[in-house]
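Subject: Structure handover

Hello,

Here is the structure for you to look through. Please open it first, then read my notes below.

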Amino acid sequence: QRPERRFYFDLAEKLGYTVKELLSRIDCHELVEWQVKFKLDAEDQKEIVQRQELDATAVNNANRLKGK
């Protein structure tokens, strides 16, 4: 398993390159910056989902109390 290969394919697809083109155009420092960005984006998305779940729970609880 090589997770960096998956990242290369994801980034290449996003930028419209093949993996070979990507690796010939972008140096290792920029690749690391892209990896950090992808990780932060994923963490942000996870936080958004968690907030939505909490909001839905709060609404459900409020509605349940109103029904009593």
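Ring pairs link Phe7, Tyr8, Trp34 and Phe38 into a cluster. Rings of Phe, Tyr and Trp (its six-membered ring) pair if their centres lie within 6.5 Å; planes under 30 degrees apart count as stacked, over 60 as edge-to-face and the rest as tilted.

Before going on, two notes on the source. This is a predicted model, where local features need pLDDT of at least 70 and side-chain atom pairs count only at pLDDT 80 or more, while totals for chains, interfaces and linings use all residues. Residues are numbered from 1 along each chain as its sequence is written, and side-chain values use heavy atoms, with hydrogens and water left out.

**The rings**

How many aromatic pairs does a search of the whole structure find? It finds 3. One of them joins Phe7 and Phe38 edge-to-face, at 5.3 Å centre to centre and 85 degrees between the planes. Phe7 lies in helix H1 and Phe38 in helix H3, so this pair ties together parts that are 31 residues apart in sequence. Helices here are DSSP runs (H or I, at least four residues), numbered from the N terminus.

Trp34 and Phe38 also pair edge-to-face, because their ring centres are 6.3 Å apart and their planes are at 75 degrees. These two are 4 residues apart in helix H3, so about one helical turn separates them.

Which of these rings are buried? Buried means under 20% relative accessible area, exposed over 50%, and partly exposed in between (1.4 Å probe, protein chains only). Phe7 counts as buried at 8%. Trp34 counts as buried at 18%. Phe38, at 23%, counts as partly exposed.

**Helix H1**

H1 covers residues 3-15, which is 13 residues. From first C-alpha to last, H1 reaches 19 Å, close to the expected 18 Å. That expected span is 1.5 Å times one less than the number of residues.

Phe7, Tyr8, Leu11 and Ala12 are buried in H1. They sit on the same side of H1, because they cover an arc of only 130 degrees around the axis. The arc is taken from the directions from the helix axis to the C-beta atoms. The other side of H1 has Pro3, Arg6, Glu13 and Lys14, which are exposed.

What do the buried residues of H1 pack against? They pack against helix H2 (19-25) and helix H3 (28-67), with contact meaning heavy atoms within 4.5 Å.

Best wishes
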